[in-house]
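Please open the two-chain model in a viewer and keep the selection tool at hand.

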Amino acid sequence: MPPEKINGSQAVLLLVITIFATVILFLPGISASYAGQDAWISLLLAAAAAAVIALTAVSLGRRFPEKNLFEYLEIMLGKIPGKLVGVLYLCWFLYIAAALVREYGTFMIPIFFRQTPLVVLAAAGVAATAYAAYGGLETLARANQLFFPVIVGASAVLFGLALPQMDVVNLLPVLEAGPVSIIKGSLAPLSWFGEIFLISVLLPYLNRPEQARRIALTSILIATSIFELSVIGVISIFGPSVTSSYLLAFLNGVRMIHIANFIERLEALLMLIWILSAGVKLSMFYWATALGSAQVMGLKDYRPLIPPVGAAILALSIFNYTSVMDLLNFTATVWPFYALTFELAIPLFLLAVAAIRKIGGKPPCPGR
Amino acid sequence: MPGKIIAIALLLAVILTGGCWDRRELSELAIVLGAGVDRLPGGRIQLTLQLARPSAFGGGEGGANVIMNQNIAWVVSATGETVSDAQRNLTLQVSRQLIWTHNIVLVFGESAARRGVRDLTNFFHRQAGPRETMWVMVAEGEAKKVLESHSELEKTSAQSSGFLARSRAGFSIEFINFIKDLASLGANPVAARVKLARQGEAQGPGMEKKHKHNEVVFAGTAVFNDDRLAGWLDKSETRGLLWLRGEMEDGVITVPSATAPGKKLSFRITESKTSVKPSLNGENVSLHIEISADVDLEEQQSTENILDPQAIKILEERVAEDIEKRCRSALSKARDGYGVDIFRFGELFHRKYKKEWQTIKHRWNEEFVNAEISLAVKVHLRSMGLQARRSSLKK
């Protein structure tokens with residue numbers, strides 16, 4: 001069905017930025033509040049579990065070549081139940097998009113835009129990404145090829161400049177937190193890593209679908225390496241107790257950069273990273289929501305649905321939370337279970353259904 | 001064509017209206033250079049701010065004379081229940097919006113520090129304005145007095161104390177490190193101790209008024225027990241503190257000559273390294289501290305042959321003794337005087353003995369006071385300036 005095609009590396013870059021955007025906001029704070037200086041171990045656990053999520057999504061999708069999540073749900077579960085589950089997934093996608101808009105809106109305000117109302121920032125973000133979603137996946141993939149080096153390059157520059165502030169002994173003693181705390185600390189990152197489940201919508205657009213498994217695992221590998229460096233960096237600057245006290249620990253890490261009373265106040269660079277990566281991630285979920293809605297409703301084209309979906313994202317982003325505290329509480333306590341239901345529980349169930357009912361093509365042979 | 005016109009109009013709108021909403025013009029801002037926090041006898045918090053006067057900062061080359069005659073900074077203060085409350089009360093006096101992002105120093109008054117600084121630091125940590133890298137100091141007496149002083153060499157006293165802190169000649173600490181010590185069970189905070197001293201010599205008749213005035217000077221270290229000021233370290237003990245925390249960056253050590261009584265030699269520290277190894281024998285904590293330093297000969301009053309390996313060895317030992325003496329005086333002041341670990345040894349112990357730490361972390365200060373401490377100092381004389389031997393030796 002889809003005329004658009006993206007290649008393997010484009011898919012990897014898209015998936016990496018999709019994971020990157022949320023994690024770069026919250027990660028060390030929430031994990032360190034459970035696992036202390038062992039947050040980096042939590043992150044490794046999360047990455048390992050995320051690989052399971054990615055492989056589940058891929059083997060599910062590979063049973064139905066040329067079909068995405070919403071299409072094979074109907075084949076697998078029957079027309080009406082399939083559509084119902086599809087709608088649940090759409091709600092979840094919408095939630096992710098709205099949460100992202102709100103996160104960026106609320107965090108930009110106290111730091112960079114003290115007097116601008118939230119709705120203005122949110123509307124600007126939604127409007128810009130609406131244009132991207134209208135352009136379609138191929139456009140997005142190409143735009144992201146331009147953004148990716150900027151995002152990673154700026155992150156690398158910040159990391160390099162913060163090196164003099166770092167002292168890795170802050171990571172000692174290793175394994176002070178018990179296994180339970182480390183697992184607790186890995187839940188939130190796992191749920192963000194799990195957004196790699198988006199690959200189940202991307203699969204039919206790959207020009208070489210047989211690479212799907214490698215694409216998913218490479219994305220997780222790249223994302224994990226970036227995050228490990230960042231988490232280790234931030235904890236070695238602040239130590240575990242101060243890190244866990246921060247809402248946006250990366251921001252404080254960047255604020256610490258001062259070299260020779262000259263190279264300092266580089267928060268603008270961080271803002272560049274935030275805005276670009278949030279833009280890409282929002283466009284992805286925006287596009288996926290519009291596309292999925294069209295398929296559930298049986299429309300040929302998803303483009304007419306872009307304005308209503310955008311309105312829904314904007315409205316939800318404002319109404320979903322009453323405050324930053326509400327957002328943080330939800331993200332730390334409820335969100336992991338909410339997300340893992342859609343990322344792992346339902347896909348595993350579907351995989352079991354497919355195996356028992358013997359629907360779909362053969363699962364990919366392990367070598368590919 | 002209409003599409004192009006719309007596109008150009010939109011682009012112009014982006015360029016011309018960008019940043020208008022949150023614009024902050026320099027002429028609408030009051031830039032905070034230094035902040036002081038005092039506790040008044042009733043317990044109210046008094047916030048004193050040193051604000052830059054941008055018009056006086058200008059001037060350039062020709063403006064030097066004008067600048068001499070007007071105040072560069074404006075000092076205001078107000079009281080409140082919290083720091084934020086006091087700041088709010090300040091807005092009744094300051095016609096411009098307060099901008100904290102360029103704050104250089106945070107000074108706690110002595111009485112505020114004695115009552116505890118934990119409650120006073122939160123404002124500066126929670127707000128996006130004040131930087132983590134500002135310097136923390138404790139004033140002898142009132143913080144307000146320190147901020148009210150002015151500097152002859154720099155434009156404001158906040159800048160001058162900031163530069164003094166950055167030179168690391170005395171002990172100085174950035175806000176974030178102060179907070180880390182405050183948050184740790186294995187360390188107690190320390191901060192620079194500042195006071196006012198009459199500085200400058202009158203140069204010619206009629207100049208007394210202008211040149212004899214109070215300047216901020218560094219006068220050792222303020223020692224905290226948890227968040228309460230416990231007392232001070234003098235200059236010599238502060239040197240010991242720097243050695244023991246591994247923060248010695250610069251300094252001169254003067255020791256008596258071995259050959260000529262009454263004559264002295266001065267050495268400049270070029271490299272230093274401190275390693276502390278905690279260990280546990282049964283219940284007892286012991287700490288082994290190794291310090292190694294590289295020094296250059298900077299001044300020699302005596303006449304021994306500095307090329308003679310034997311003489312070098314003796315001098316190195318004398319310098320090492322001096323370092324050890326200062327370390328011991330800092331240690332004994334911290335242990336016997338105040339009973340607190342201000343050297344972050346608890347953190348080191350924690351890193352090595354994570355299990356044992358759980359049982360002693362709440363009484364680490366006692367463990368530190370009773371710990372067995374051994375100290376080994378090694379000094380290497382690396383260079384001797386531009387002279388190989390004294391020139392004025394009469395044969």
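The stops below concern a helix, a chain contact and a pair of domains.

This is a predicted model, in which local features need pLDDT of at least 70 and side-chain atom pairs count only at pLDDT 80 or more, while totals for chains, interfaces and linings use all residues. Residues are numbered from 1 along each chain as its sequence is written, and chains are lettered from A and ligands numbered from 1 in the order in which they are written.

Select residues 8–35 of chain A, helix H1 (helices, H or I of at least four residues, and strands, E of at least two, are DSSP runs numbered from the N terminus). H1(A) spans only 35 Å between its end C-alpha atoms, whereas a straight helix of 28 residues would span 40 Å at 1.5 Å a residue (1.5 Å times one less than the number of residues). Centre on A:Phe26, where a kink of about 55° lies shortly before A:Pro28; the angle is between axes fitted to the seven residues ending there and the seven starting there. After H1(A) comes A:Gly36, with a positive phi near 60°.

Next, display both chains: 17 residues from chain A and 13 residues from chain B form the contact (C-beta atoms, placed from the backbone, within 7 Å). On the side of chain A, H9(A) provides the largest share, 3 residues.

Finally, colour chain B by domain 1 (25–233) and domain 2 (235–395), bounds that come from an automatic or database domain assignment. Their centres, taken over C-alpha atoms, are 31 Å apart. Here 17 residues of domain 1 of chain B contact 23 residues of domain 2 of chain B, and E9(B) gives the most to the domain 1 side, with 4 residues.

Terms used. Two residues are in contact if their C-beta atoms, placed from the backbone, lie within 7 Å.
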